[in-house]
Amino acid sequence: MTLPNTERLYYDDAYTTRFTAHIVERIAHEGVFAVALDRTYFYPTGGGQPHDTGTIGGLPVLDVFTRDQAVYHVIPEPIPVNADAVACEIDWRRRFDHMQQHTGQHILSQAFFQTAGANTVGFHLSGESLTVDLDTLALDPAALDAAETLSNQAIWDDLPVTAAIIDPAQAELFGVRMRKLPEQMATAGLRIIRIGTFDVTACGGTHVARTGAVGLIKIVRVEKKGDRLRIEFVCGGRALRDFRHEHQIVAQLAAELTCSTAELPVMVNRLRDDVQAVSRQLKTAAQQLIALEAEALIAAHPLIEGRRMIVRIFENRPVDEVRSLVIALAAVPGTIVLFGIPGEKAQLIFARSADLSADMNALVKSALAAFGGRGGGQPGMAQGGGVPASTVQVEAALQTAQSALEPT
């Protein structure tokens, strides 16, 4: 079977958004439908750039993909058989966003090469993020600033962005930057994108006509990815939205703290120090309260034949707090502690002082039969649960454990 051949008009013109074309094939595709056109401006997914969206014959275009020399446009329902010539329209907002981001990537990649000798070995563009991967493990803030500054200078110079088709064998003569030759080319040769005299890169994507249309490039995050350094950045409209969002946050924080935006770092550091100081004070106070509570419980449970058993249920009390109380009590000789906490993640916490010999690990596992859950620990202290249990169920578990410890 011979597949149709689609004339890919987006290679020469990224700005046309309305056109007519003839349907040359209709196919079922993953539960929906797809049509191949004799000519198209719709860009298919490829080269790190997402596909265009829009409409064909009034139907939304859900995806665009290639198969050999044909470009298929995914639609939710079939176009009538007699509608061979159809009106097509590309979502310009999405297309222009991709043009800004992709051209910005070329600029930033060249800037990193010029300022840091770092090559781009990966590129990803989506509706949420834009990244390049560099063949280096680290760049200091000064290097990042240098690449960002050079990139924006290339934008402010409003350089022309042009496409040309060359013989792949002459790529080095043209100074083309690329990782490897594409296995299959949809054009008569290798398509290259020139940005003035600033950059020449092999690429099949859509780009703005002049760098000024990119607007702005801003690096927003840097992280290591294996043996690469991933740079996340924003261009054009995305840069404006990012700045607007962050400005709103900064303005709101300044208003809440009744200070200017320039004073925010000082205010935040002061608040952090205050929070840390209060946290230390609260921790000390909590430890003192736990110690007082432990003393009161010890006083209320005198030794009987050299042993005291303290059994309690705590409603809506943090597990860590109860555990601290258990540890404080178990430090007192002759003490056995059987505590339970009902709730969505019920807990049993059992402990004994070092001078006693009861096995708390075996005891907690046995008591958990009252409501389920898993647990364990050491002979001196064990904990378990993690499943829903009512106060009645936790009480039954504690009674089971207490009975097992009572003298026979």
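A nonpolar core is a set of buried Ala, Val, Leu, Ile, Met, Phe, Trp, Tyr and Cys residues joined through side-chain atoms within 4.5 Å. In this predicted model, the largest such core has 32 residues. A second, separate core has 21 residues. The chain as a whole has seven helices and 21 strands.

**Overall build**
- The chain has a radius of gyration of 34 Å, whereas a compact globule of 408 residues would be near 22 Å.
- Along the principal axes, the C-alpha atoms fill a box of roughly 100 × 55 × 45 Å.
- Buried residues make up 42% of the 408 in the chain.
- Among contacts with a separation of 6 or more, 62% join residues 24 or more positions apart.

**Surface and charge**
- The accessible surface is about 21,500 Å².
- Carbon and sulfur atoms account for 53% of that surface.
- There are 36 positive and 46 negative side chains.
- The centres of the two charge sets lie 3 Å apart.

**Nonpolar cores**
- In the largest core, the residues with the most contacts inside it are Ile107, Phe112, Ile217, Ile231 and Phe233.
- Two helices, H1 (92–116) and H2 (141–156), are among the elements that give two or more residues to this core.
- Strands S10 (120–125), S11 (130–134), S13 (190–195), S15 (217–225) and S16 (228–235) also give two or more each.
- Beyond four places in sequence, Phe112 touches Gly117, Ala118, Leu134, Leu139, Leu144, Ala147, Ile219 and Ile231.
- The second core includes Phe350, Met360, Leu363 and Ala397.

**A buried arginine**
- Arg95 lies in helix H1.
- Its relative accessible area is 0%, so Arg95 counts as buried.

- Most residues other than glycine have a negative phi.
- Glu30 has a positive phi of about 50° and is not a glycine.
- Glu30 sits in the loop between strand S2 (18–29) and strand S3 (32–37).
- Its relative accessibility is 74%, so Glu30 counts as exposed.
- Asp68 is not a glycine either, and has a positive phi of about 60°.
- The place of Asp68 is the loop between strand S7 (63–67) and strand S8 (70–75).

Notes: Residues numbered from 1 in each chain as written. Predicted model: local features only at pLDDT ≥ 70, side-chain atom pairs only at ≥ 80, totals over all residues. Heavy atoms only, no water. Helix = DSSP H or I, 4+ residues; strand = E, 2+ residues; numbered from the N terminus. Rg over C-alpha atoms; globule rule 2.2 N^0.38 Å. Buried < 20%, exposed > 50% of the residue type's maximum accessible area, 1.4 Å probe, protein only. Contact = heavy atoms within 4.5 Å. Areas by Shrake-Rupley, 256 points an atom, 1.4 Å probe, with all protein chains shown as cover. Lys, Arg positive; Asp, Glu negative; His and termini not counted. Charge placed at Lys NZ, Arg CZ, Asp CG, Glu CD.
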